[in-house]
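Subject: Structure handover

Hello,

Here is the structure for you to take over. My notes on it follow below.

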Amino acid sequence: MVNKTKSLLKFSGVYPILYMPFNEKYDIDYEDLRKLAEFVIASGADGLGIAMGSEIFKMSESERDLVLKTVVDQVNGRVQVVMHTGAQGTDLALNYSLRAKELGANALMITPPTVLPVPNDIIVKHYMVISEKVKMPIFIQDIWTSPIPPAVMIEIVRSTEYAKYTKAETPPTTMRTTELKKLGGDEVIVFGGAWGTNFIAELNRGSVGTMPGCAVPEFYVKAWEYWKLGRPDDARDHMDKISPLLSLLTRSLDVSFHLDKEILKRRGVISSINVRMPTSKPDAITYRELDKLMEYLGI
């Protein structure tokens, strides 16, 4: 068993995932990407991420590199940067991870390979190889598209030096958090995700942060501030303000690509709402619902 958790107690709080801005040709708009990173930093977030919400699975390797370079340069050490480096092959995930470390990421987020089902002990070995060779903090991403049983995540935590963090996104996330802490105690450091819909409930169950979308980061930051001040009721009340919006955004990951970008454009952060194919744009009723919610929130 490898247990150096205390040396990794570094990440906590709000880490919004950047929704990638694309121009009219569907190329990445790097100027807008810098503006978006600055917007998240200005909200008071503790870090930011480049991951599934960034449409990273629709990027070439050269685009991945330039996105990370751009974000790291813009952040300039002010907050932590987490880079998704999951892949269907161990060698490919390792290469992505080594490259992310070279380009300045502070931590990795890795989903397990799922195209070819493999035994749980091979999943554990997958993370062991990356941890041993890259030697930097790793978030084990447990998401509905590639779930990892809590017992397996704890086995990964106990078998590696650096994969001590989990991003628990397989619903219900509250139960996932409870089970992880029950099995792993202080050995496992849990973050929530899934747009932060259960942020406060997850904190109540032992999580230390969340990785939501980036359209309204200030709401999560304020709730986190209340929580740290020992004011959980105020934290919950504050998150309740955006519950209707989160209900709209979480209808699907694809819907969130469009609506989060729509919000960011209306807030003057990015100039385009383009989403790379394949994608399906929400209907007009959904946008009218968004209109009302943004008016209600005053954003």
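Glu218 has a relative accessible area of 26% and is therefore partly exposed; buried means under 20% relative accessible area, exposed over 50%, and partly exposed in between, with a 1.4 Å probe and protein chains only. Before the rest, two remarks on the source. This is a predicted model, in which local features need pLDDT of at least 70 and side-chain atom pairs count only at pLDDT 80 or more, while totals for chains, interfaces and linings use all residues. Residues are numbered from 1 along each chain as its sequence is written, and side-chain values use heavy atoms, with hydrogens and water left out.

Salt bridges

Glu218 forms a salt bridge with Arg267, at 2.7 Å from N to O. A salt bridge here is a side-chain nitrogen of Lys or Arg within 4 Å of a carboxyl oxygen of Asp or Glu. The two residues are 49 apart and link distant parts of the chain: Glu218 belongs to helix 8 (residues 217-228), and Arg267 to the loop between helix 11 (253-266) and helix 12 (284-297). Helices (H or I, at least four residues) and strands (E, at least two) are DSSP runs, numbered from the N terminus. Arg267 is partly exposed, at 28% relative accessible area.

Helix 8 also holds Lys222 and Glu225, which are 3 residues apart and so separated by about one helical turn. They form a salt bridge in which the closest N and O atoms are 3.9 Å apart. Lys222 is partly exposed at 33%, and Glu225 is partly exposed at 35%.

Another salt bridge joins Glu187 to Arg158, with 3.2 Å between the closest N and O atoms. This pair, too, links distant parts of the chain, 29 residues apart: Glu187 is in the loop between helix 6 (173-184) and strand 7 (189-192), and Arg158 is in helix 5 (residues 150-159). Glu187 is buried, at 17% relative accessible area, whereas Arg158 is partly exposed, at 28%. The whole structure has 18 salt bridges. Glu55, Lys58 and Lys261 are linked in a network of them.

Phe22

Phe22 is in the loop between strand 1 (13-14) and helix 1 (30-42) and counts as buried, at 1% relative accessibility. Its C-alpha atom is 7.0 Å from that of Val275, although the two residues are 253 apart along the chain.

Strand 2 runs parallel to strand 3 (residues 80-84), joined to it by 4 bridges; two strands pair if DSSP finds at least two bridges between them. Leu48 stands opposite Val81 in strand 3. From strand 2 the chain passes through helix 2 to strand 3, a right-handed β-α-β crossover: with the strands pointing away from the viewer, the path from the first strand over the helix to the second runs clockwise.

Ser54 is in the loop between strand 2 (47-50) and helix 2 (61-75). Ser54 is buried, at 0% relative accessible area. A polar atom of its side chain is 2.6 Å from the backbone oxygen of Leu18. Not counting residues up to four places away in sequence, Ser54 touches Ile17, Leu18, Tyr19, Met20, Gly49 and Met59.

Regards

How values were computed. Polar contact = N/O pair within 3.5 Å; in protein donor to acceptor, adjacent residues only side chain to side chain. Contact = heavy atoms within 4.5 Å.
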